[in-house]
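The sequence and structure are shown first.

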Amino acid sequence: MEMNSLQGWPDFWPPPDVFFGGLASSVASLRSSSLISEYQVLVRFKNDYGVRISQSRLHEGLYIVAVLKFHGPQITEYQAVNDSSVPGLTWCFNSQEVYMLCEEIARWNRQPA
């Protein structure tokens, strides 16, 4: 797993390898950031889909997950996916729910270029 930048990885989140567990081999890149109001992690899977996981600094343990489709080589080149079986934004109440959602998205077929 290429971890582009883990500066800002939330101290109270499980470490990335634990957080993503068996998905580690499906992760193409990962970047975390610590913003004023939230912690955020961008995850790109090898199938060119991914997630943006956010957590408010005021609500530890409550995650917001957005589904992404990457369209370029950089982890910042993406758009939100709103036409899938997974809602565009999903509230998760623990890291296990985040993992299960990520596992589903990592299994999606890559769309033709």
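## The loop between S3 and S4

Asparagine 47 is found in the loop that links S3 and S4, where helices (H or I, at least four residues) and strands (E, at least two) are DSSP runs numbered from the N terminus. The model is a predicted one, in which local features need pLDDT of at least 70, side-chain atom pairs count only at pLDDT 80 or more, and totals for chains, interfaces and linings use all residues. Residues are numbered from 1 along each chain as its sequence is written, and side-chain values use heavy atoms, with hydrogens and water left out.

With a relative accessible area of 8%, asparagine 47 is buried; buried means under 20% relative accessible area, exposed over 50%, and partly exposed in between (1.4 Å probe, protein chains only). Its side chain has two polar contacts to describe here, a polar contact being a pair of N or O atoms within 3.5 Å; within protein, one must be able to donate a hydrogen and the other to accept it, and residues adjacent in sequence count only if both atoms are side-chain atoms. A polar atom of the asparagine 47 side chain lies 3.0 Å from the backbone nitrogen of tyrosine 49. The side chain of asparagine 47 also reaches the backbone oxygen of isoleucine 105, at 2.9 Å. Between asparagine 47 and arginine 107, which are 60 residues apart along the chain, the C-alpha separation is 7.8 Å.

Aspartate 48 is likewise placed in the loop between S3 and S4. Its phi is near 75°, a positive value in a residue other than glycine. Aspartate 48 counts as buried because its relative accessibility is 18%.

## Salt bridges

A salt bridge is a side-chain nitrogen of Lys or Arg within 4 Å of a carboxyl oxygen of Asp or Glu, and by this rule the count is two. One joins arginine 44 to aspartate 48, with the closest N and O atoms 3.0 Å apart. Both arginine 44 and aspartate 48 are buried.

In the other salt bridge, the side chains of arginine 107 and glutamate 103 meet at 3.4 Å, N to O. Arginine 107 is exposed, at a relative accessible area of 61%, whereas glutamate 103 counts as partly exposed at 24%.

## The nonpolar core

In soluble globular proteins, nonpolar side chains tend to be buried together. A nonpolar core is here a set of buried Ala, Val, Leu, Ile, Met, Phe, Trp, Tyr and Cys residues joined through side-chain atoms within 4.5 Å. The largest such core has 27 residues, of which Phe20, Val43 and Ile53 touch the most other members. At least two residues of this core come from each of helix H1 (16-20), strands S2 (27-34), S3 (38-45), S4 (49-56) and S5 (63-70), and helix H2 (95-106). The most is given by H2, with six residues.

Contact means heavy atoms within 4.5 Å. Not counting residues up to four places away in sequence, phenylalanine 20 touches Trp9, Leu30, Val43, Ile53, Tyr99 and Cys102. Tyrosine 99 belongs to helix H2 and counts as buried at 19% relative accessibility.

## Cysteines and strand S7

A disulfide is a pair of cysteine sulfur atoms within 2.5 Å, and the count by this rule is zero. Cysteine 92 is in no disulfide, its nearest cysteine sulfur being that of cysteine 102, 8.0 Å away. Cysteine 92 counts as buried at 2% relative accessibility, and cysteine 102 counts as buried at 0%.

S7 pairs with S5 in the antiparallel sense over four bridges, two strands being paired if DSSP finds at least two bridges between them. Valine 65 stands opposite threonine 90 in S7.
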